Amino acid sequence: MPPRLISLSSFRTSTKLCIQCYSTAPRVRLAYDLHEPAKPSSNAPGAIIFMHGLFGSKKNNRSISKALARDLGRPIYAVDLRNHGDSAHNPHHDYISMADDVAGFIEEHKLKDTTLIGHSMGAKTAMTLALRSPEIINDIVSVDNAPLDAALLSNFGKYIQGMKKIEEAGVTRQAEADKILVDYEESLPIRQFLLGNLYRPADDKTQKFKVPLKILASALDNLGDFPYKDPSEVRFEKRALFVRGTHSKYVPDEALPIIGQFFPRFELADIEAGHWVISENPEAFREGKAPFAPLPGKTSRY
């Protein structure tokens with residue numbers, strides 16, 4: 001599900017920094033699962049915050065979080081971003097607001113030297129917070145996304161249409177929901193991923209979606225954008241790892257110069273996978289043992 005990338009020439013002509021770099025929307029307290037290592041490392045950096053992508057949740061990162069906590073000896077907080085999973089719903093769904101929620105999470109839990117790992121929407125949230133508040137972030141791992149504006153394909157809008165159709169049908173079993181969703185998405189793994197958001201409210205026979213479909217539908221046009229436009233105004237001078245799937249188009253070679261301008265110490269790791277890097281090739285992702293150790297595949301430093 002790659003986005004259609006806006007040309008870098010048109011991107012560079014927009015040199016105005018984001019007008020609102022701090023959210024005016026109320027912070028959302030994020031639901032989370034804490035995965036603590038059995039043998040904490042005495043010399044490891046602080047905790048890791050793991051952020052999912054659009055329509056995802058903390059449960060999608062449960063297995064990899066447990067594995068990384070064990071491998072790295074570091075506690076990992078797998079969070080639900082606003083309007084996802086068990087976190088509260090809010091009509092504001094943009095990267096500035098999501099980044100501010102994560103900043104509040106760091107403050108609430110008194111975390112120091114924090115590493116941010118984010119996939120897709122979570123990756124842009126991580127990049128946004130690192131650029132906004134570099135003093136509270138130690139380093140970041142951006143999984144298959146880049147700090148530029150991109151127009152999303154129609155897939156996401158189709159998914160919301162299908163999910164609305166499911167709610168209107170009043171389904172009682174996931175199999176019924178899948179029969180409806182197959183008209184909107186052929187891939188069984190993607191349908192299963194989307195249907196993972198279904199739940200049965202108390203005292204209700206029909207299933208509903210945890211994600212607020214109306215809010216996310218109205219946010220789709222903005223989720224391809226990146227709030228910072230001018231790397232001469234803001235940079236993250238600490239380490240940043242950009243992991244991309246070799247079969248994904250979210251981080252093309254043409255995006256590397258702008259990544260280097262925002263994140264001058266960035267490293268690049270290619271993993272044999274599509275956009276869903278972690279779920280498609282979890283072993284390759286974790287074999288690096290540490291976020292900045294060389295990962296399998298082509299690894300470069302810029």
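Colleague: Arg-244, buried or exposed?
Modeller: Arg-244 is buried, with a relative accessible area of 10%; buried means under 20%, exposed over 50% and partly exposed in between, using a 1.4 Å probe and protein chains only. This is a predicted model, in which local features need pLDDT of at least 70 and side-chain atom pairs count only at pLDDT 80 or more, while totals for chains, interfaces and linings use all residues. Residues are numbered from 1 along each chain as its sequence is written, and side-chain values use heavy atoms, leaving out hydrogens and water.
Colleague: Which side chain does Arg-244 meet in a salt bridge?
Modeller: Its partner is Asp-253, at 2.9 Å from N to O, where a salt bridge is a side-chain nitrogen of Lys or Arg within 4 Å of a carboxyl oxygen of Asp or Glu.
Colleague: And how far is Arg-244 from Asp-144?
Modeller: Arg-244 is the nearest side chain of opposite charge to Asp-144, but it is 7.0 Å away, and the buried Asp-144 has no salt bridge; Lys and Arg count as positive, Asp and Glu as negative, with His and the chain ends not counted.
Colleague: Switching topic, what does Asp-71 pair with?
Modeller: Asp-71 forms a salt bridge with Arg-286, the closest N and O atoms being 2.8 Å apart. Asp-71 sits in helix α2 and Arg-286 in helix α11, so the pair ties together parts that are 215 residues apart in sequence; helices are DSSP runs of H or I with at least four residues, strands are E runs of at least two, and both are numbered from the N terminus.
Colleague: How accessible are those two?
Modeller: Asp-71 is partly exposed at 23%, whereas Arg-286 is buried at 15%.
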